[in-house]
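Colleague: I am new to this structure. Could you take me through the inside of the fold and then the charged pairs?
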Amino acid sequence: EKKAANSLCYFKMNWNSVDMNPNNSYFPYNFPEFRYTPWNELSLSTQNTAIGMMNYTEELWNDLGTHVAEKNTFLNLDSKTREGAMELGFYTHNWDCFMNHYQAYYWSSFHADLLVAIETLGWTEASWTNDMQAPPLSESKYWADLTPEEKAAATRLCYFEETWDTNEYPTLEDFDISSAITPDGPLPKDINLNIYETTGYAGRSPGMVAAGQYVYNASFRTVVSSTVLGVVALAGAFLFA
């Protein structure tokens with residue numbers, strides 16, 4: 001079985017769904033702080049990449065979620081836009097989580113901890129796939145009113161208080177990222193990651209999630225979504241070359 005997995009560009013870590021990119025936060029994937037920086041505070045090179053390769057404008061950058069690219073998964077971006085996103089510091093996992101919050105995923109793509117998060121927030125297959133269905137009650141709550149379990153679910157979708165509480169399109173000029181959940185700080189007491197006790201949390205044990213800790217636990221085996229296979233193949237080809 002291991003030989004067969006190797007032939008499909010799997011190795012121990014990616015077979016066990018561990019994201020090997022550095023991540024010192026309790027978010028599931030590394031926090032793209034640059035994307036929450038207002039346009040006028042970006043470096044000239046970052047602005048040029050955002051404009052020239054990703055078709056951002058200052059308005060589109062500062063109004064999160066308004067760019068059509070952010071409505072797509074990373075692997076559904078056109079090649080130039082995806083290359084630009086990679087130059088800025090994005091990859092499949094942190095783009096789909098922080099930028100898209102998995103909104104472009106089909107229900108059938110949700111497995112393990114991601115499915116736990118979606119269902120904890122009250123979504124069902126019917127409400128996720130049918131716009132005529134009423135959204136769950138969690139969608140109308142402020143962050144402070146979410147239960148610890150719902151906050152854990154929202155965190156797994158890469159939301160934090162500043163982005164959860166805003167209107168449909170959060171404006172960067174309306175909040176200071178330093179007042180949001182600190183990406184490299186301790187896990188807040190009111191976020192209960194124990195809802196992932198049986199599935200793991202993005203490949204980690206819930207009890208071992210904190211700043212500076214990124215622990216591989218072989219007991220957690222999650223299903224790899226088809227959206228990550230392209231990146232997995234590239235990583236495997238490089239490591240086995």
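Modeller: A term comes first: a nonpolar core is a set of buried Ala, Val, Leu, Ile, Met, Phe, Trp, Tyr and Cys residues joined through side-chain atoms within 4.5 Å. Please note that this is a predicted model.

Colleague: How many residues are in the largest nonpolar core?

Modeller: That core has 50 residues. Those with the most contacts inside it are Tyr-36, Trp-61, Trp-95, Phe-98, Tyr-102, Phe-110 and Leu-157.

Colleague: Which helix supplies the largest share of this core?

Modeller: Helix α6 does, with four residues. At least two residues each come from α5 (79-88), α6 (92-99), α7 (112-120) and α9 (148-156).

Colleague: And what does Phe-110 touch?

Modeller: Leaving aside residues up to four places away in sequence, Phe-110 touches Tyr-102, Tyr-105, Leu-115, Ile-118 and Trp-128.

Colleague: On to charges. How many salt bridges does the structure hold?

Modeller: There are four. One of them joins Glu-70 and Arg-35, with the closest N and O atoms 2.7 Å apart. Glu-70 lies in the loop between α4 (58-62) and α5, and Arg-35 in the loop between α2 (12-15) and α3 (44-52), so the pair ties together parts that are 35 residues apart in sequence.

Colleague: Is Arg-35 buried or exposed?

Modeller: Arg-35 counts as buried because its relative accessibility is 0%, and the cut-off for buried is under 20%.

Colleague: What does Asp-113 pair with?

Modeller: Asp-113 meets Arg-156 in a salt bridge of 2.8 Å, N to O. This pair links helix α7 with helix α9, 43 residues apart. Both Asp-113 and Arg-156 are buried.

Notes: Residues numbered from 1 in each chain as written. Predicted model: local features only at pLDDT ≥ 70, side-chain atom pairs only at ≥ 80, totals over all residues. Heavy atoms only, no water. Buried < 20%, exposed > 50% of the residue type's maximum accessible area, 1.4 Å probe, protein only. Contact = heavy atoms within 4.5 Å. Salt bridge = Lys/Arg side-chain N within 4 Å of Asp/Glu carboxyl O.
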